[in-house]
Structures are given as structure tokens and as C-alpha cells.
Amino acid sequence: MKRIIFCLMVLTAFTAIPAFGAGGHDDHDHGHDHHAELSEARIIQKASGYVAKMVEKGKLDASWQGISPTEAKENDHHEWVVTFNNPKVEDPEKQTLYVFLTSSGKYIAANFTGD
């Protein structure tokens, strides 16, 4: 009899747990970043870190190391665009680097066009 009661308790526990997990929150991604949005100062810090990593990996010239951002703003896609200007670069079309981040600071892309 004790075994039957124990088995019923275990069975009840396994069927009750999923009911608590329902919660009513839609976990599907609808193009929004569900993580906490960061402040502009934190976004600038993250973007600077990504530039440092690109230099470390050889994707950017070493002259980009230590360059401070000139601007950080949100675009129409609710992404942060952090702009870096490096006058040491000879090609004028490659002097301005744009780093795109989500509102939670995740790296999206970087380019020299801003698009």
C-alpha cells in the first residue's frame, strides 16, 4: 500500500510541475531583444570592447586600439550605432567605423558605411 501511495505522489508531482511552468509568457522571438536594455555609457563600453577584440583578432589595424567613440545613438531598428573615428587611417572611407549592437549590448555587426 505504501508503494502505491508513493507512486501516486511521484506521478502527481510530475504532472503538476508543467502546470507551474506555463506562466503565460510568450517565449517566441518577435524581433525584440528580451534582455535588459543597457545605458548609453554601458553600450559605449561594450562597443569599445568589441573594437579591441577586432584589433586582437587582426580584423582591424592596431591603430584602432584605444580609439574612443565619437557618438552613440539608437537607429530606426532599435539598435545602437556606436561611431569611432580614426584619423590615423590613410583611406578616408575607412576612417569611420560603425559598430551595431542590440539594446542589451550584443554585437550585431561593424562596418565603414554605417548601413
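This is a predicted model: local features need pLDDT of at least 70, side-chain atom pairs count only at pLDDT 80 or more; totals for chains, interfaces and linings use all residues.
1. Histidine 78 sits in the loop between strand 1 and strand 2. Its backbone is worth a look too: phi is near 60°, a positive value in a residue that isn't glycine. Most residues other than glycine have a negative phi.

2. How many strands form it, and in what order? There are 4 strands, in the order 1-2-3-4, making an open sheet with antiparallel pairing. Strand 1 (69-74) and strand 4 (107-111) are the edge strands, each pairing on one side only. On average, neighbouring strands are turned by 15° against each other, ignoring direction.

3. Helix 2 (residues 40-56) packs on this sheet, and it touches strand 1, strand 2 (80-85), strand 3 and strand 4. The direction of helix 2 makes about 120° with that of strand 3.

4. Zoom in on strand 3 (residues 96-101) and strand 4, which pair in the antiparallel sense over 4 bridges. Phenylalanine 100 has alanine 109 of strand 4 as its bridge partner, while tyrosine 98 stands opposite asparagine 111, also in strand 4. The two strands make a hairpin with 5 residues between them. In that turn, glycine 105 has a positive phi of about 90°.

5. Which residues of the largest nonpolar core touch the most other members? They are Val51, Leu60, Trp64, Phe84, Leu97, Val99 and Leu101, out of 17 residues in that core. At least two core residues come from each of helix 2, strand 2 and strand 3. Helix 2 gives the most, with 6 residues. As background, nonpolar side chains tend to be buried together in soluble globular proteins.

6. Setting aside residues up to four places away in sequence, leucine 101 touches Ile43, Lys46, Ala47, Tyr50, Glu79, Trp80, Lys106, Tyr107 and Ile108. Two of those names, Tyr50 and Tyr107, come back in the next point.

7. On to the aromatics: searching the whole structure gives 2 aromatic pairs. In one, the rings of tyrosine 50 and tyrosine 107 have centres 5.3 Å apart and planes at 50°, so this pair is tilted. That angle falls in the tilted class because stacked needs under 30 degrees and edge-to-face needs over 60. Tyrosine 50 is in helix 2 and tyrosine 107 in strand 4, so to speak two distant parts of the chain, 57 residues apart. Buried or exposed, where does tyrosine 50 fall? Tyrosine 50 is buried, at 19% relative accessible area, just as the cut-off of under 20% requires. Tyrosine 107 is partly exposed, at 38%.

8. The rings of tryptophan 64 and phenylalanine 112 form a pair too, with centres 6.3 Å apart and planes at 45°, so this pair is tilted. Again, distant parts of the chain are linked: tryptophan 64 lies in the loop between helix 2 and strand 1, phenylalanine 112 in the segment after strand 4, and they are 48 residues apart. Tryptophan 64 is buried, with a relative accessible area of 3%. Phenylalanine 112 is partly exposed at 28%.

9. Lysine 94 belongs next to that pair in this note. What does lysine 94 contact, leaving aside neighbours within four places in sequence? The contacts are Trp64, Val89 and Phe112. Lysine 94 is in the loop between strand 2 and strand 3, and it is partly exposed, with a relative accessible area of 40%. Its C-alpha atom and that of asparagine 111 are separated by 8.8 Å, although the two residues are 17 residues apart along the chain.

10. Last one: isoleucine 67, found in the loop between helix 2 and strand 1. Isoleucine 67 is buried, because its relative accessible area is 17%, which is under 20%. Not counting residues up to four places away in sequence, isoleucine 67 touches Phe84, Asn85 and Asn86. From C-alpha to C-alpha, isoleucine 67 and asparagine 86 are 6.8 Å apart in space and 19 residues apart in sequence.

How values were computed:
Residues are numbered from 1 along each chain as its sequence is written. Side-chain values use heavy atoms; hydrogens and water are left out. Two strands pair if DSSP finds at least two bridges between them. Axes are lines fitted to C-alpha atoms, for helices over the stretch in contact, and angles run from 0 to 180 degrees between N-to-C directions. Contact means heavy atoms within 4.5 Å. Rings of Phe, Tyr and Trp (its six-membered ring) pair if their centres lie within 6.5 Å; planes under 30 degrees apart count as stacked, over 60 as edge-to-face and the rest as tilted. Buried means under 20% relative accessible area, exposed over 50%, partly exposed in between (1.4 Å probe, protein chains only). A nonpolar core is a set of buried Ala, Val, Leu, Ile, Met, Phe, Trp, Tyr and Cys residues joined through side-chain atoms within 4.5 Å.
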